[in-house]
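This report goes through a single chain fold, from its sheet to its helices and loops. The sequence and the structure come first.

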Amino acid sequence: MHWDRSSKRVLTADFCNGCKVNDMEGIKSQGLAVQDVAKKLIQTFAEQIFHTGFIHSDPHPGNVLVRKGPDGKAELVLLDHGLYQFLDEKDRSSLCQLWRAIILRDNAAMKKHAAALGVQDYMLFSEVLMQRPVRLGQLWGSHLISREEAAYMQDMAREHFDGIMEVLKALPRPMLLVLRNINTVRAINSNLGTPVDRYFLMAKSAVWGWSRLVGAAYQGIYGSSLLRHIKVLWEALKFEMALRLEILAMRLTALMLRVLVRLGFAPKAEAEEVYQYLEM
């Protein structure tokens, strides 16, 4: 934006070259890596959601351009800044802690932090937030394997439509736009062939966002700065270990499915639904 060349009637801005973020051919034609683009896309919006709280709420492909940066790598350009939402520190803290509780499989904490956001059905809200089952074991009891024609979230949406609507009605308006942001980014990553682990990147950003917020809270409890940092670091380490175990479990599940398909014990077409879930 060029404020010195703008007025009440004239807005002067730069023209930005680049291709849409979901244009794989356009990305590759610039000599850029699709994986780098997807990673930066997820990290950019995760930073907004969990760290700054100032969130671009309409990140569809037409509003995110990709161009070659000065370092020769992908650079993202965000357009159309007319729809932003500010997520205050209280809600941002609850969201970070909810995400953390889901990874740590802490039902009591999930219930507590979902309630802080106005939601009582914490398990359903967690699935809507994550866009996947919150327990890996649910795969075997879900329709992912028994029904070829629908993915898990489609089935869940149909079966729990009333519950989902209640969850959405209970949420603060800023959280609705956060969900829209998360879902749009997930869809773009999927269109790019899921080159990076969105689940892992979002979760890491959530816990570091939590670390920043909780560091100040611990200041009053732990007088020493060293003790405060040790406490935050220990909590972050526990989360990191739980997250990596979760990712390992997903990869082992995918490997086991491939073996079952090869041995003829699981239909290939239906197993593909599970692969898509594990890569989302």
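Which residue in β3 is the bridge partner of K20? The bridge partner of K20 in β3 is L65.

## Basis of the report

The model is predicted, so local features need pLDDT of at least 70 and side-chain atom pairs count only at pLDDT 80 or more, while totals for chains, interfaces and linings use all residues. Residues are numbered from 1 along each chain as its sequence is written, and side-chain values use heavy atoms, with hydrogens and water left out.

Helices (H or I, at least four residues) and strands (E, at least two) are DSSP runs, numbered from the N terminus. Two strands pair if DSSP finds at least two bridges between them.

## The sheet

Three strands form an open sheet in the order β1-β3-β4, and their pairing is antiparallel. The edges are taken by β1 (19-20) and β4, each with a single partner strand, so one side of each is left without a neighbour in the sheet. Two bridges hold the antiparallel pair of β1 and β3.

Strand β3 (residues 64-68) is joined to strand β4 (residues 74-78) by five bridges, and the two run antiparallel. L65 has V77 as its bridge partner in β4, and V66 is opposite L76 in β4. β3 and β4 make up a hairpin with five residues between them, and G72 in the turn has a positive phi of about 85°.

## Helix α2 and the sheet

Helix α2 lies across β3 and β4, and runs at about 45° to β4. Contact here means heavy atoms within 4.5 Å. Axes are lines fitted to C-alpha atoms, for helices over the stretch in contact, and angles run from 0 to 180 degrees between N-to-C directions.

Q48 belongs to helix α2 (residues 34-52). With a relative accessibility of 10%, Q48 counts as buried (under 20% relative accessible area is buried, over 50% exposed, and in between partly exposed, with a 1.4 Å probe and protein chains only). Apart from its neighbours within four places in sequence, Q48 is in contact with G53, F54, I55, H56 and L78.

## Helix α5 and its partners

The axes of helix α3 (residues 89-104) and helix α5 (residues 122-130) come within 11 Å and cross at roughly 100°. α3 is therefore roughly perpendicular to α5 (angles under 35 degrees count as roughly parallel, over 145 as roughly antiparallel, 65 to 115 as roughly perpendicular and the rest as oblique). On the α3 side, L95, L98, W99, I102 and I103 meet F125, S126, L129 and M130 of α5. This contact of α3 with α5 has eight nonpolar, one polar and no charged residues (Ala, Val, Leu, Ile, Met, Phe, Trp, Tyr, Cys and Pro count as nonpolar, Asp, Glu, Lys and Arg as charged, and the others, Gly among them, as polar).

For α4 and α5, the axes come within 9 Å and cross at roughly 80°, and these two helices are therefore roughly perpendicular to each other. N107, M110, K111 and A114 of α4 make the contact with Y122, M123, F125 and S126 of α5. The residues of the contact of α4 with α5 divide into five nonpolar, two polar and one charged. F125 and S126 take part in the contact with α3 and in the contact with α4.

## Loops

R105 is placed in the loop between α3 and α4 (107-116). R105 is not a glycine, although its phi is positive at about 60°. Its relative accessibility of 45% makes R105 partly exposed.

The loop between α10 (173-191) and α11 (198-219) contains L192. T194 is also in the loop between α10 and α11, and has a positive phi of about 45° although it is not a glycine. L192 counts as buried at 3% relative accessibility. Not counting residues up to four places away in sequence, L192 touches V21, N22, M24, I27, V34 and A38. The C-alpha atoms of L192 and M24 are 6.6 Å apart in space, and the two residues are 168 apart in sequence.

## Cysteines

The whole structure has zero disulfides, a disulfide being a pair of cysteine sulfur atoms within 2.5 Å. C16 is partly exposed at 23% relative accessibility, whereas C19 is buried with a relative accessible area of 10%.
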